[in-house]
Amino acid sequence: MKTVGDKIEPFKVIGVKPGFNLPQENGISAFEDITESSFPGKWKILYFYPKDFTTVCPTEITAFSRLGPEFQQRDAIVLGGSTDNEFVKLAWRREHPDLDKLQHYQFADTTGALVDQLGIRHKTDGVALRATFIIDPDNVIQHLSVNNLYVGRNPDEILRVLDGIQTEALCGSNRQIGGPVLD
């Protein structure tokens with residue numbers, strides 16, 4: 001499993017844009033390729049869930065969406081996904097009232113290449129574990145947490161951790177690990 005300090009390697013997944021429920025709306029596609037080069041200069045909150053159309057997932061997804069403005073204020077893009085395809089994600093948005101016009105990206109890692117790169121595939125079920133990564137603008141993992149398939153996570157906690165990481169990134173050059181604060 002990749003860990004803190006590891007750099008994300010090249011990848012490509014299909015992104016489902018915020019606010020879309022259909023494959024095309026007003027002549028604009030709901031889909032775009034997302035790679036490690038997407039969103040330059042931004043922090044990325046990359047979270048995985050096992051499958052679309054499951055019971056725990058909408059609660060987490062809507063909580064991340066509710067905090068969207070808070071993440072945006074911190075120059076962070078929220079992206080949530082699974083190994084289900086992009087059309088399933090749109091169908092789920094249409095089917096579940098809380099996911100209607102979702103306001104952050106979802107992504108489809110249909111080959112599981114990103115799941116495998118990060119080392120978060122469940123060994124027997126073959127789906128992504130409930131993993132969350134905070135990735136800095138240089139594509140270096142600054143935080144990760146991984147839960148089993150049935151334990152949800154708290155997006156407010158991810159926001160709190162992002163605040164801590166960004167604060168340390170700003171003043172960290174004034175500190176010495178294990179030593180006194182040199183502010």
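Predicted model: local features only at pLDDT ≥ 70, side-chain atom pairs only at ≥ 80, totals over all residues.
Residues are numbered from 1 along each chain as its sequence is written, and side-chain values use heavy atoms, with hydrogens and water left out.

Figure 1. Helices (H or I, at least four residues) and strands (E, at least two) are DSSP runs, numbered from the N terminus. Read from that end, the elements go β-β-β-β-β-α-α-β-α-β-α-β-β-α. The radius of gyration is 17 Å, close to the 16 Å that the globule rule gives for 183 residues, so the protein is as compact as a globular protein of that length. (That radius is taken over C-alpha atoms, and the rule is 2.2 Å times the number of residues to the power 0.38.) Along the principal axes, the C-alpha trace spans about 55 × 40 × 30 Å. Of the 183 residues, 49% are buried; buried means under 20% relative accessible area, exposed over 50%, and partly exposed in between (1.4 Å probe, protein chains only). Contact here means heavy atoms within 4.5 Å. Take the contacts between residues at least 6 apart in sequence: 69% of them join residues at least 24 apart.

**Figure 2. Helix 3 (residues 86–95) has buried residues that include K89.** E86, K89, L90, W92 and R93 are the buried ones. They cover an arc of only 160° around the axis, which puts them on the same side of helix 3; the arc is that of the directions from the helix axis to the C-beta atoms. What lies over them? The cover includes strand 1 (12–16), strand 4 (31–35), helix 1 (56–66), strand 6 (76–82) and strand 7 (105–108). Now back to K89: its relative accessibility is 0%, so K89 counts as buried. Leaving aside neighbours within four places in sequence, K89 is in contact with V16, Y49, D52, G81, S82, D84, Q106, F107 and A108. At the start of helix 3, look for N85, where a side-chain oxygen reaches to within 2.8 Å of the backbone nitrogen of F87.

**Figure 3. Strand 6 is mostly covered, with seven of its seven residues buried.** A76, V78, G80 and S82 point one way, I77, L79 and G81 point the other way, and all are buried. Strand 6 also has partners, and two strands pair if DSSP finds at least two bridges between them. Strand 5 (residues 43–48) runs parallel to strand 6, joined by six bridges. In that pairing, K44 stands opposite I77. Strand 7 pairs with strand 6 in the parallel sense too, over four bridges, and there S82 has A108 as its bridge partner.

**Figure 4. R153 sits in the loop between strand 9 (141–147) and helix 5 (155–171).** Is R153 buried or exposed? Its relative accessibility is 11%, so R153 counts as buried. Its side chain makes a polar contact with the side chain of T132, at 2.9 Å. A polar contact is a pair of N or O atoms within 3.5 Å; within protein, one must be able to donate a hydrogen and the other to accept it, and residues adjacent in sequence count only if both atoms are side-chain atoms. A polar atom of the R153 side chain also lies 2.9 Å from the backbone oxygen of A131. Not counting residues up to four places away in sequence, R153 touches Y47, F48, Y49, E60, F64, R130, A131, T132 and N147.

**Figure 5. F39 and K101 are loop residues, F39 between strand 4 and strand 5 and K101 between helix 3 and strand 7.** Phi of F39 is near 60°, a positive value in a residue other than glycine. Phi of K101 is positive as well, near 55°. F39 is buried, with a relative accessible area of 15%, whereas K101 is partly exposed at 35%.

**Figure 6. L22 lies in the loop between strand 1 and strand 2 (24–25).** L22 is partly exposed, with a relative accessible area of 40%. Find K101 again: it comes 79 residues apart from L22 along the chain, yet their C-alpha atoms are separated by 9.6 Å. Not counting residues up to four places away in sequence, L22 touches A30, L90 and R94.
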